[in-house]
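Visitor: I am new to this structure and would like to be guided through it. May I put some questions to you?

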Amino acid sequence: MPDSVHAIELTVNGEPHEAVVPGRQLLVHFIRDTLGLRGTHIGCDSGNCGACTVIVDGKAVKSCMQLAVQADGRALETVEGLSGPGEEPNDLQAAFTRHHALQCGYCTPGMLMSATALLEQAEELSLDEIRRGLKGNICRCTGYVNIVRAVEDVAARRGLA
Amino acid sequence: MSVPTRTDEQIATWSPPAPQAPSVGQSIPRKEDRRLLQGQGLFTDDLWMHRQGHVHFVRSPHAHARIGAIDVSRAEALPGVYATLTGEEVRGLTDRFPQIAPEPGGSAKDYCLAVGKARFAGEPVAVVLAETRELARDAAALVEVDYEPLPVTLDGVATTQPDAPLVHSEIGSNIGWEGVYEFGDVDWALEHADHVVRIPHLHFHRFSSTPLECNAAVVDWEQGTDTIQILSNNQMPQFAAMFMAPALGVRTDQLQFRSQDIGGAFGLKLTSYTNITAIALLSRKANRPAKWTEYRSEHMVGSCHGNERTFRGIEVPVMADGQILGFSATAFDDVGAFMRYEPLGGVIFSQVLPGCYRFQHLRVDYRTVLTNKTPVGPNRGYSRLQHLWMVERIVDIVASQLGLDPVAVRRRNYIAAHEFPYETPNGCLYDSGDYHAALDRVLELVDYDGWRERQAELRASGSGRRIGIGIGSTLDSGTSNFGQARLINRELQYSGNGEAAICKLDLGGEISVALGTVPQGQGHETTTAQVVADTLGVSPNEVRVLAGADSARNAYVAFSGTYASQFAVTGIGAALGAAKALRDDLYAIATSVLECAPEELLLVGGTLSVEGDEDRAMTFAEIANLVYANNGALPPEIADAVTLNRRFVYRPPFGVPDWRTKSGHLTLTYASQFHACVVEIEEETGATKLLDYAIVDECGTPINPQIVEGQVHGAAAHGIAAALQETLEYDEHGQLLNGTFWDYHVVSCPDTPLFKTDNLPRPSPFTPTGSKGMGEGGGGPLHAVCSALQDALGPDVVVTESHNPTERVWQLLHEPDAAAREGAEVRSR
């Protein structure tokens, strides 16, 4: 069962990368296994849970629903790009701690990336828009209330509320 | 004696540190957050071992089938396939897993791969190890299995009939365990009550709280040391060891478990020992590490589900003033194809036998039944929530049928605040609570009176919409006495409970705590640090907490793990005990070196100093140096007595319950939750909407109130999910119909109301810090949503199902006779 292979070029959290990827490789596996960025998680394999959410060319994308080859020529952002180890958490990450918006932390990177895209795309963000905007990300621990509060807090601080 | 030297300058500039404000009771930010927020958590799929292969299970497509020949030759011929393993090999290599049930249920044969026949669709029959994840999957598809399909048994009641196909022929029936719990005099009560309300049928459905991280393990059976290294997300490793060691024929200390971060578990990562056993065998056969990460579709069919329970023939004696004397019921608890934690559900429900009520006459005839469905695991609220749901249905149906106010019936029957500690008819001791105050508060939070007015207005308006207001009173019993297992099987040598922790001062005077608990988001690193910091007079930032399993740390007992609402008692009790023991060491050294009495010492900011003479002081670093690197200078009278490395086992004050009477002190703490919700129903479609939702919880003294509230939110979301969206449905062949997140409708953000919450602490008199375990939550929304639907639908309809999606609500409105099955009836004297 020979795999086709493809050369791709992309930026990952602002840094240029080149790689040769199997045709059947999912973007999420490329991110986790090849790039070694393990903050992007897998929760459902069917595009429902959002644990694998990353930002591609400014849009939130479920990386288990794309092949690695589709990232060719794109700008990829993962949770590791929000703040690196040893750096201070960014405003959204800090708000998640303040509001206790994470428990096990498994959904958190995907939730952060969806919220990042939501906050960056909006000029105004109401409570209902935040709740609907996070619909694609499942969290089984928090009941979502504190996640909504955290995003609302950041929206207010960024003048979007 | 030589005191550790200080320079004159140090002495001149030294001033006593400011006292540290206590951190217990404060919502300090969680210590675990930063790594999780920055994508630096270490979950099992993030771990790998050199030379590892990838595991893929071959699963039975049939719910019940005899297994003939298994041909692995095509799979093994693929380049890059390292090994395969089949059920027949497993039969030769292992013994069956030990069973908790007594005979005849205990004769069930449970192996890590199906042996002889498959008993549910999704049961592993063979397993493949290959170079890559994709290759392992490809190779598994080439394994050819001869199946001879057999008739299936799927209904939890019909499966007990003599003509039902047998899941385990060794047992001779599909009843894995049965027992009658009877207290007071139910027959007398039924005869003398003013009314008897009969509810022929209630059904609690099958669902799963589906942790977002699936099961995973990396296992290396190191042949040189004969050690089985297990990196996994199993949530109760020593329980796993007690099942795996006899099956594999190894010593328990050959099984070395480790874990770091776990992506939720909710009780469903307790029985993954069956998979881990197969992976260990595969690793030994291939002589290389084996890594397995479950796919979601595998998790849905192949791991475990929550218990489904059918209640039959419920009879409730009620007095004219609304006093409920008790109830009688028969319960059929459908546990699927294997009893992997079962039949413990058959006793665990009895921890909360009368619910929040003063019921005195109680009878439950309980059967653990086997079907050709996925085995169950102890899903959040395990066994108590099914029972408590029935109790709350009883209260609401009684109120509805007799035309009483459901709030008044609750107030009339709740255990009163002054009665705590309250002994139930079956000998359980409810430690503390104030159910009346909590009910009042939750009704205030939800604006009960306001919604009653809105309800009446809406009813009069003919708008085609209805409002129902519901209440759910529930209990979260925590810190189990494992002696209750003897009520199931009196031969089991289990009793009490416990947890271990090690508190240590390291070489440079740093404080660390190793826990036996295996947290999955409950914030143990934070709450442990708070308790230990207060004990040792430092800030929580200075306490490093090693959470997660690590057999090598030796911070465990047989019951270690994170399950059954107990960390705030057992885990905290162990950490507190270990910190106090370390403090004893520190005091012993300081009193000896500084030549003072213990009561003269101040412990502040990581320093012990003599009160009023603060130049006589030792920092933790100086004490550590003395013990670890300078022990020639240790005063001889204490040199052999201090280790700065103290292990403590917390042991709750339990005895052995009486198996003859099925009674005793089964659980140490009883957290309570009171839910009130408002449901709007669109009559034409049956669509429901939650308009308001309030919760008041009571869990003793909160260690970190924000973490407590987070647990309340999370448990409530699970209950709402189960009440309205999540159900696991099988077809007549035993095929799971909704085995992915496309069709298993996990609640999303807009589905969950913005809960209003409050906490009313009533400290437990029985626990080290007055705290109670509270993570499971007791399934309050299942009770409250059903209660609200009952309220909206009125006395002509009986809500008999725990799961009420749109189509069922429509049916209750438009085809009530068909929907409510046998309804309810009242016989009055």
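Visitor: How much space lies in the second largest pocket?
Guide: The model is a predicted one. The lining of this second largest pocket is made up of 25 residues. Its space comes to about 640 Å³.

Visitor: Which element supplies the largest share of the lining of the second largest pocket?
Guide: Two elements each give at least two residues to this lining, namely α1 of chain A and α5 (133-141) of chain B. Among the residues closest to the pocket centre are D33(A), which lies in chain A, and R133(B) and E134(B), which lie in chain B. The largest share, 4 residues, comes from α5(B).

Visitor: What is the volume of the largest pocket, and which residues are closest to its centre?
Guide: The volume of the largest pocket is about 750 Å³. Its lining counts 32 residues, and those closest to the centre are H203(B), E308(B), T727(B), E729(B) and E801(B).

Visitor: Which element gives the largest share of the lining of the largest pocket?
Guide: In chain B, the elements that contribute two or more residues are β8 (195-204), β13 (308-318) and α22 (806-814). By class, the lining holds 8 nonpolar, 10 polar and 14 charged residues. The largest share, 3 residues, is that of β13(B).

Visitor: How much area do chain A and chain B bury between them?
Guide: The size of an interface is often given as the accessible area lost when the parts come together. Here the contact takes 55 residues from chain A and 53 residues from chain B. Of the buried area, 56% is on carbon and sulfur atoms, and the total is about 4600 Å².

Visitor: Which residues of chain A lose the most area to chain B?
Guide: Three residues of chain A together account for 18% of what that side buries. They are R38(A), R131(A) and R140(A).

Visitor: How many salt bridges are there between chain A and chain B?
Guide: One salt bridge joins the side chains of R34(B) and E88(A), with a distance of 3.4 Å from N to O. Polar contacts across the interface number 29 residue pairs. The count of salt bridges between the two chains is 6.

Conventions. Residues are numbered from 1 along each chain as its sequence is written. Chains are lettered from A and ligands numbered from 1 in the order in which they are written. This is a predicted model: local features need pLDDT of at least 70, side-chain atom pairs count only at pLDDT 80 or more; totals for chains, interfaces and linings use all residues. Side-chain values use heavy atoms; hydrogens and water are left out. Contact means heavy atoms within 4.5 Å. Buried area is the accessible area (1.4 Å probe) that two parts lose on being put together, summed over both. A salt bridge is a side-chain nitrogen of Lys or Arg within 4 Å of a carboxyl oxygen of Asp or Glu. A polar contact is a pair of N or O atoms within 3.5 Å; within protein, one must be able to donate a hydrogen and the other to accept it, and residues adjacent in sequence count only if both atoms are side-chain atoms. On a 1 Å grid over the protein atoms alone, a cavity is a set of points where a 1.4 Å probe fits but cannot get out, and a pocket is an open set with protein on both sides within 12 Å along at least five of seven lines; lining residues have an atom within 4 Å of a point. Grid points are joined across faces, edges and corners, and a volume is the space filled by probe spheres set on the points. Ala, Val, Leu, Ile, Met, Phe, Trp, Tyr, Cys and Pro count as nonpolar, Asp, Glu, Lys and Arg as charged, and the others, Gly among them, as polar.
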